[in-house]
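I opened my notebook for a look around this structure. Here is what I looked up, entry by entry.

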Amino acid sequence: MKIEGPLAPGEVHVRAIRCTHPVFLSPVLRRSVLFRYLQISSFTNSSWMRTDALILLGELQTHSWSNASDTISFVKPWAQGTFSSQQWVHLQNIFRVFRSSFTRDIQEFAKMLSLEYPMELQLSGGCEVHPGNVSEHFLHVAYQGEYILSFQGTAWEPAPQAPQRVDLVIKVLNQDEGTKETVQWLLNDICPQYVNGLLETGKSELEKQVKPEAWLSSGPSPGPGRLLPVCHVSGFYPKPVWVMWMRGEQEQQGTQIGDILPNGDETWYLRATLDVAAGELAGLACRVKHSSLGGQDLVLYW
């Protein structure tokens, strides 16, 4: 890896970190890991706007970037990964230039296309790193909640259902060869390398296992002669979990699984319900499978 010179003011075509060797994935990577930069930019009018962003490794937030700050903040103490302080400063300069250029470009496109204010744009970019030194990258842009364009391979392309005026935006964006090179480099080279570093520095937290607790309760009656047993599962980490109402070894297909919700301590909560006749509660059990249980399922009998 080689560090090149500092950014010039306003420079968009940046090559702050150049990889000169293959990226070797950390041994902790035994499953695919998704790394996402999520940005929301709100434009109230032609002169007032704000942009906020966060970065997620899987479901875990590692960074934040508020509109009021010029620097990306670490949410986790290990969020710099294995990059040196100098390398991280260069990356921050890239994103600082990007945010400024993005704002200016959107304002120019708004004039060009006669877009109405207020408007909101969402950006999602990053990579998914798989075992075996394989990664996929993505960069999508949405306007007013509708997906309009993405970066594919070496160029910008419109979304399948994008309005025709997006074609003009694509034409302008694809004329900027330097920025396209930088986007390719960030997605193809830097993203998987950075993820690999995060997996090393955050290994103890990323590999932690917290066993779930489970309990049963009765929910509001779904109707005359019906009952709603509820299975609560809480305090588990990592997020993937399997919960099902059972009768013996038979899965009850009427099981309704709620959303997995965060607890305040970065563990997760889930509930599962089952609409049953009042006389059919006997013999029901809630079964919970989770990686922290070592193959020993939790089973709670009604």
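Which residues do ring pairs link into a cluster? I was working with a predicted model, and there I found Phe35, Phe74, Phe83, Trp88 and Tyr194 joined in this way.

**Entry 1: aromatic pairs**

I counted eight aromatic pairs in the structure. One of them is Phe35 with Tyr194, an edge-to-face pair at 5.7 Å centre to centre and 80° between the planes. Phe35 sits in strand 3 and Tyr194 in helix 3, so this pair ties together parts 159 residues apart in sequence. I then checked accessibility: Phe35 is buried at 7%, and Tyr194 is buried at 5%.

Next I looked at Phe74 and Trp88. Their ring centres are 5.2 Å apart with the planes at 45°, so I noted the pair as tilted. Phe74 belongs to strand 6 (residues 73-74) and Trp88 to helix 1, so the parts tied together here are 14 residues apart in sequence. Phe74 is partly exposed at 36% relative accessibility, while Trp88 is buried at 9%.

**Entry 2: the largest pocket**

I read a volume of about 1200 Å³ for the largest pocket. It has 49 lining residues, and Phe98, Phe102, Leu123, Leu139 and Trp156 are the closest to its centre. Elements giving two or more residues to this lining include strand 7 (119-130), strand 8 (134-143) and helix 2 (166-173). Helix 1 gives the most, with 15 residues. Sorting the lining by class, I got 38 nonpolar, five polar and six charged residues.

**Entry 3: the second largest pocket**

Here the volume is about 720 Å³. I found 31 lining residues, with Arg31, Leu57, Glu59, Tyr237 and Pro238 nearest the centre. Strand 3 gives the most to this lining, with three residues; strand 5 (60-65) and helix 4 (203-206) each supply at least two. By class, I noted 14 nonpolar, seven polar and ten charged residues. Domain 1 (33-207) and domain 2 (213-301) each contribute at least three residues to the lining.

In what order do the four strands of the open sheet run? I wrote down 14-13-19-20, with antiparallel pairing. Strand 14 (250-251) and strand 20 (298-301) are at the edges with a single partner strand each, so one side of each has no neighbour in the sheet. Strand 13 (residues 242-247) pairs with strand 14 over two bridges.

Notes
Residues numbered from 1 in each chain as written. Predicted model: local features only at pLDDT ≥ 70, side-chain atom pairs only at ≥ 80, totals over all residues. Heavy atoms only, no water. 1 Å grid on protein atoms, 1.4 Å probe; cavity = no way out; pocket = protein on both sides within 12 Å on 5 of 7 lines; lining within 4 Å. Points joined across faces, edges and corners; volume = space filled by probe spheres on them. Nonpolar A, V, L, I, M, F, W, Y, C, P; charged D, E, K, R; others polar. Domains from an automatic or database assignment. Pairing = 2+ DSSP bridges. Phe/Tyr/Trp six-rings, centres within 6.5 Å; stacked < 30°, edge-to-face > 60°. Buried < 20%, exposed > 50% of the residue type's maximum accessible area, 1.4 Å probe, protein only.
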